[in-house]
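Please describe the fold, the salt bridges, a surface patch and a pocket of the model shown here.

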Amino acid sequence: MDMNIFTLVGEIVVVGVVIILILIAISLILGVYQLENKKLVFPRVLLFAINLTYPTTKRMLKLLNMDELLIDKISIDLRNRLHHNDFKELDAKDVILILPHCLRAQKCPAVLGNSGLECVKCGKCSIGTFKKMCDKKEIGMYVVPGSTFIKQVMKQRPFKAAIGVACPIDLNNMMTSLAPLTTQGAVLLKDGCINTMVNEDDVIDLLNIPKPVTYYTKDEIDNF
C-alpha cells in the first residue's frame, strides 16, 4: 500500500513537471510569435502561463544559454498591447510616469525628495524633456531609485495608469506589481547604474496618448 502511495505521488510530480514544461513551451512559442508578428494570440492565457512559470522559465533559458530577458520582453510587450485601448481612454491627470534613477545625467543638479528625484529641467538629460511634457499635460512624473519609492508614490497621488521606463527585468516586475492598474512600458536601450538611455520618442508617444490627446514632438517640447 505504501508503495502505491509513493508511486501515485511520483506520477503526480511527473505530470506536474510535464504540465509546467508544456506551459513554458506555449509561453515562449506564442510570445516569440507575438513579438515578431505584432499579433495577439490568446493573450490572457499567455499572460497567465508567463506569470505561473516565470521563475522556472528564467532558469531554463539560462540553462540553455538563451537570452534570459526574452520572457521579460514578451511579458512587457503583451501587457502593452493588452492595456493599450484602456490607456487611450484615460485622462492625463490619472496617469503617472515612472523613470529610473540611472537615466539622469552624471552631473545632475536634482535633489532626492520623499517621492524620488526632483527634476529641475536643466536640459542635461532626457528626464528634463519628459518633465516639461508631464507638466504641460498634468501627468505626474517620478524619478525613483527603486521599487520601494513606487509604494510611496501610490500613497501620495492616486492614479489609474502608469508609464514605466526601466531595464526589462525591472520594468516587467513593475508592470506585474501594479496589476490590475493600466500599465505601459518602454525598455531602456542601454541599462546599467549610470548613463542609461531610452528612446525618447517612444516615451513621448506614450505621454501623448492620455486625454486630451496631443501630438508633441521633442523639438516642440524643448521650446516649452
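The report below goes from the overall layout to salt bridges, a surface patch and a pocket.

This is a predicted model, in which local features need pLDDT of at least 70 and side-chain atom pairs count only at pLDDT 80 or more, while totals for chains, interfaces and linings use all residues. Residues are numbered from 1 along each chain as its sequence is written, and side-chain values use heavy atoms, with hydrogens and water left out.

**Layout**

The protein chain has eight helices and six strands, where helices (H or I, at least four residues) and strands (E, at least two) are DSSP runs numbered from the N terminus. Their order from the N terminus is α-α-α-β-β-β-α-β-α-β-α-β-α-α. Along the principal axes, the C-alpha atoms fill a box of roughly 75 × 35 × 35 Å. Of the 224 residues in the protein chain, 43% are buried; buried means under 20% relative accessible area, exposed over 50%, and partly exposed in between (1.4 Å probe, protein chains only).

**Salt bridges**

The structure holds 10 salt bridges, each a side-chain nitrogen of Lys or Arg within 4 Å of a carboxyl oxygen of Asp or Glu. Three of them are tabulated here.

| Pair | N to O distance |
|---|---|
| Lys93 and Asp94 | 3.6 Å |
| Lys121 and Asp135 | 3.1 Å |
| Lys218 and Asp222 | 2.9 Å |

Lys218 and Asp222 are four residues apart in helix H8 (residues 218–222), a separation of about one helical turn. Asp94 is buried at 13% relative accessibility, whereas Lys93 is partly exposed at 46%. Lys93, Asp94 and Lys160 are linked in a salt-bridge network.

**Surface patch**

Val14, Val18, Ile22 and Ile26 make a nonpolar surface patch of about 310 Å². Patches consist of residues with over 30% relative accessible area and no salt bridge, nonpolar side chains (Val, Leu, Ile, Met, Phe, Trp, Tyr) being joined within 5 Å and like charges within 9 Å. Areas come from the Shrake-Rupley method with a 1.4 Å probe; for residues, only the protein chains shown count as cover. Ile26 is in helix H1 (residues 2–37) and is partly exposed, with a relative accessible area of 34%.

**Pocket**

The lining of the second largest pocket consists of Gly185, Ala186, Val187, Leu188, Leu189, Asp202, Asp205 and Leu206. Strand S6 (182–187) and helix H7 (200–208) are the elements that each give two or more residues to this lining. On a 1 Å grid over the protein atoms alone, a pocket is an open set of points where a 1.4 Å probe fits, with protein on both sides within 12 Å along at least five of seven lines; lining residues have an atom within 4 Å of a point.
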